[in-house]
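Subject: Model for you to look over

Hello,

Here is the model I promised. Please open it alongside this note; my findings follow below.

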Amino acid sequence: MAAHSSSQSDIVVIGGGVVGGAIALGLARNGARVTILDEGDVAFRASRGNFALVWVQSKGLGMPEYAMWSRRSADQWSVLADVLQEEAGLDVAHSQPGGFMLCLSEAELEQRRQAMHRLHNQTSLADFPYEILDHAETKRRLPDIGRDVVGSVYSPLDGHVNSLKLFRALREATERRGVVYRPNCTVDRIAARDGGFLLSGAFGEIAAGKIVLAAGLGNARLAPMVGLDAPVKPSKGQIIVTEKTAPFLHNPMVTIRQTDEGGVMIGDSQEDRGFDTVVGQPILSVMAERAVKMFPRLAGLNVVRSWSALRVMSPDGFPIYDQSASHPGAFLVTCHSGVTLAANHALTLAPAILSGTLPPSLDAFSARRFHVPAHH
Amino acid sequence: MFRPITDADSGASLNFSFDGRAMRGRAGDTVAAALLANGVQACRQTPVSGAPRGPYCMMGVCFECLVVIDGVGNRQGCLVPLREGMRVETQAGRRQPEEIPA
Amino acid sequence: MSIARNITDLADRYDLLVVGAGPAGLAAAARAADCGLSVLLADENPAPGGQIYRAVGTTPVTRPAVLGAEYWKGGALLTRLAQSRAVLAPSCTVWSVAPDAAVGSVEIGVSLDGRARLIEAAEVILATGAQERPFPIPGWTLPGVMTAGAAQIALKSSGLVPAGRIVLAGCGPLLYLLAGQLAAAGATIVAVLDTTPRRNWRAAIAAFPDFLRSPYLAKGLALMAKARARLPFRNGVTDLSAEGEDRVTGVRVTRGGASETIACDTLLLHQGVIPGVNLSNAIGCAHEFDEDQHCWVPQVDQWFASSVPAVAIAGDGAGIGGAESAALRGEIAALGAAQRLGRLSREQRDAQAAPIRAALARSLRGRRFLDLLYKPAARFLAPPDDATIVCRCEEVTAGQIRDTASRLGVTGPNQMKAFLRCGMGPCQGRLCGPTVVELIAQAQGLSPAEVGYYRLRPPVKPITLGELAALPQSDAAVKAVVR
């Protein structure tokens with residue numbers, strides 16, 4: 001499809017990561033003329049640093065709608081994978097063979113058991129199958145685990161993808177769909193203009209009928225320009241990746257997974273350190289030690305890379321989906337699980353944005369939830 | 001394929017093996033140099049396409065001389081001094097479970 | 001000097017850590033020790049000397065003429081180190097350098113014989129030197145194709161030369177020096193294919209008078225002239241590819257519009273040297289693109305201090321200047337560190353540095369002529385053939401990078417890495433970084449300086465997960481992971 005010029009866009013998506021890319025693909029598949037404005041090569045870009053899980057278990061404690069929303073996206077993920085195979089010609093290595101959370105002490109296991117119990121008290125058990133496994137049963141299913149693994153939580157819904165292939169496939173598919181992609185275009189100002197919006201920055205100006213803010217941490221700055229609120233803050237996560245090794249880990253763990261290419265990723269630290277992305281050796285050591293306890297054979301593998309990235313965290317950790325009341329046509333999308341939720345974003349959220357109305361099922365995700373006066 | 005120059009100090013000789021073949025090397029050489037001196041050009045296959053590769057930079061930069069040494073995979077042959085009785089093997093693609101010490 | 005053979009031989013803390021035992025590191029360590037600093041000199045190789053003085057204390061090459069007089073000068077640096085109070089740790093890999101401004105010290109991750117440890121230093125001098133510039137031509141991944149530097153290392157440290165027919169290709173002093181050394185050692189050189197672009201002479205000629213006033217480089221010129229007279233040089237080479245199925249069997253060469261294949265058993269490539277920036281990049285030191293040397297170099301001040309406090313960079317790692325200048329820069333960096341640690345007053349430091357600076361200026365005179373003359377041709381920086389492998393580890397081709405840059409709008413190497421995996425393999429981008437930047441620059445109509453470089457992170461050398469796991473942990477770190 002021939003690309004239109006960005007001056008003729010129906011919708012401008014601000015942010016070219018996995019969230020922005022998934023929404024742009026969904027919009028373009030439904031016939032919209034879309035422009036993506038993106039930052040340059042050096043950006044915080046959580047899409048380059050995420051852990052690539054399609055994950056349902058343990059999500060949504062405190063907000064049952066989030067549990068349902070995650071479940072729905074996980075269910076739709078194979079559809080998205082097929083779309084990407086067809087539209088981008090890329091296999092994103094999606095699989096949902098069931099995932100484990102391994103616990104290294106009775107206290108950890110008990111804490112997980114209680115969390116799962118509370119989670120299921122707020123939703124229907126039938127929708128969220130899970131099992132608490134002891135060491136022996138975990139060992140039966142994952143023969144390589146170490147002695148220190150006390151037990152695990154298993155959910156058959158969980159899985160993973162190759163998130164870098166997903167990132168590239170979204171870019172490729174949107175390109176083939178004629179989406180205009182403009183890198184190095186940091187948006188400085190958004191103004192209402194002629195029933196639509198005028199976006200400006202060092203790159204110049206762009207007019208849009210609708211806009212979607214999918215700029216990750218940048219949303220905090222952009223949202224107030226159009227009457228929206230995105231109180232998101234960075235939460236640092238560090239990841240270690242090993243050299244390629246023969247496949248031995250077919251299921252993802254919440255902190256360890258083997259990629260389709262053979263490398264083992266170890267991750268899931270969480271630190272609140274502002275915009276610092278420095279890799280810290282003490283954290284890497286803790287992560288490495290836990291990983292080796294979970295799978296002793298990992299000890300001999302060479303670490304080839306480590307990196308840190310910043311999660312996009314709202315005050316309660318759940319996504320924010322909103323349309324501006326004062327500036328209709330301005331939408332806000334922000335979350336820290338852009339991979340899990342990619343299917344929803346492309347297949348459900350994008351058509352809703354195009355229709356001009358977010359479905360009532362997303363009401364719970366409005367940032368209005370942060371402004372409810374506290375009751376004592 | 002490399003050969004010693006004529007008037008080099010040959011030094012002490014060490015026995016080692018490459019993929020089960022008995023070879024002799026000079027004490028003081030690295031594993032990669034000893035392989036070159038024994039006519040070994042390709043010491044690994046890549047994990048991506050399986051293409052053969054051999055030592056390229058000899059100074060620890062390129063990671064092309066990766067081999068299995070005494071059962072431990074993906075070692076840089078150009079940085080490891082040869083030792084008597086060393087068992088060196090082709091690094092065939094990505095590291096196999098048996099090449100990871102327990 | 002004492003030697004640390006075991007990781008437990010290392011102290012918990014040194015005044016100064018010097019990384020790399022080439023000319024810059026040897027000189028820096030000896031000088032700093034003479035100033036009264038406690039010094040650890042760590043090098044991942046089994047013996048000191050770096051690449052230029054590789055194995056100078058242990059080489060089996062007995063006839064001095066084979067390696068040339070310049071090589072044997074390295075012996076004096078070893079002797080000086082041996083007489084100092086520095087600690088030398090051979091086969092010791094530095095995989096992380098983390099300055100902590102709050103504490104006022106630098107945390108160093110080191111590995112020796114399969115065990116890792118964290119130690120501290122008040123100051124660090126990186127003397128990690130240079131690497132050969134990647135020279136991606138079709139077939140450069142075939143066994144039997146090596147760098148000229150690799151062949152020189154085999155000669156110096158093991159007394160080995162390639163058997164059978166050798167072709168050398170590229171340009172730069174090291175290539176000609178090696179050709180002369182191989183010939184002197186009795187090897188069979190069937191061709192030296194010189195890719196020096198003819199039009200470089202126009203740019204270089206202005207710098208020629210300075211070059212002639214430089215005795216050190218003029219010596220090199222004499223050597224080069226001698227090599228050219230004796231060896232089968234072919235100038236004006238505009239295209240190269242290595243041919244063969246599972247090993248190199250020939251070189252396809254184009255000059256003056258005509259092509260031919262030269263049969264060979266070994267092909268040695270060289271396109272100049274560039275600073276190895278992986279460690280300085282991972283530490284977060286600021287870098288800039290040097291147009292004359294056409295490579296990224298760390299920014300340093302006149303004491304070779306980097307933009308990161310307590311980290312200095314000496315020798316070719318801070319810009320290519322050759323062995324003699326590297327040693328001098330190491331001395332100056334050591335004086336700078338000694339002054340920062342209060343062992344020298346500013347006046348003492350300046351007085352001691354003055355004669356060294358004069359010698360440094362002399363040693364660098366004429367360097368610019370070489371930089372300009374041997375600046376690589378564009379096609380050897382960014383291969384025009386789409387099938388040419390650029391990232392050797394992940395087998396990413398020039399065509400994939402070009403397509404991703406132009407069609408998918410990727411404007412920098414970090415996004416390219418995310419999309420294509422170039423730079424994600426064990427070499428951590430050392431063999432593809434400069435080429436990826438060049439290809440993006442070409443596709444986007446930008447300069448390499450505008451494109452930028454990979455953002456690297458520790459560990460800069462592989463360590464095992466088990467080594468990492470065995471290191472000390474803080475309570476805060478445990479809390480961040482175990483929730």
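A nonpolar core here is a set of buried Ala, Val, Leu, Ile, Met, Phe, Trp, Tyr and Cys residues joined through C-beta atoms within 7 Å. Buried requires 20 or more other C-beta atoms within 10 Å of a residue's own, with C-beta atoms placed from the backbone.

Some ground rules. This is a predicted model, where local features need pLDDT of at least 70, side-chain atom pairs count only at pLDDT 80 or more, and totals for chains, interfaces and linings use all residues. Residues are numbered from 1 along each chain as its sequence is written, while chains are lettered from A and ligands numbered from 1 in the order in which they are written.

The core. The largest nonpolar core has 328 residues. Ile23(A), Leu213(A), Val39(C) and Ile125(C) have the most contacts inside it. Beyond its neighbours within four places in sequence, Val39(C) is in contact (C-beta atoms within 7 Å) with residues including Tyr14(C), Ala29(C), Ala32(C) and Val87(C).

Helix packing. Helix 1 (residues 23–34) of chain C packs on helix 11 (residues 323–340) of chain C at about 35 degrees, axes 7 Å apart. Axes are lines fitted to C-alpha atoms, for helices over the stretch in contact; angles run from 0 to 180 degrees between N-to-C directions. Ala28(C) and Arg31(C) are among the helix 1 residues in this contact. The residues of the contact divide into 13 nonpolar, two polar and three charged.

Chains B and C. The contact takes 37 residues from chain B and 41 residues from chain C. On the chain B side, strand 1 (2–4), helix 1 (31–37) and strand 5 (52–53) each supply at least two residues. Strand 1 of chain B runs antiparallel to strand 10 (residues 160–162) of chain C, joined by three bridges. Pro4(B) stands opposite Leu160(C).

Five strands form an open sheet in the order 14(A)-15(A)-13(A)-16(A)-24(C), with antiparallel pairing (at least two DSSP bridges between two strands). Strand 14 (256–258) of chain A and strand 24 (463–464) of chain C are the edge strands. Three bridges link strand 14 to strand 15 (residues 263–266) of chain A. Gln258(A) has Val264(A) as its bridge partner. Helix 7 (residues 281–294) of chain A lies across strands 13, 14, 15 and 16 of chain A, at about 55 degrees to strand 13.

Best wishes

Key:
Helix = DSSP H or I, 4+ residues; strand = E, 2+ residues; numbered from the N terminus. Contact = placed C-beta atoms within 7 Å. Nonpolar A, V, L, I, M, F, W, Y, C, P; charged D, E, K, R; others polar. Buried ≥ 20, exposed ≤ 12 C-beta atoms within 10 Å, placed from the backbone.
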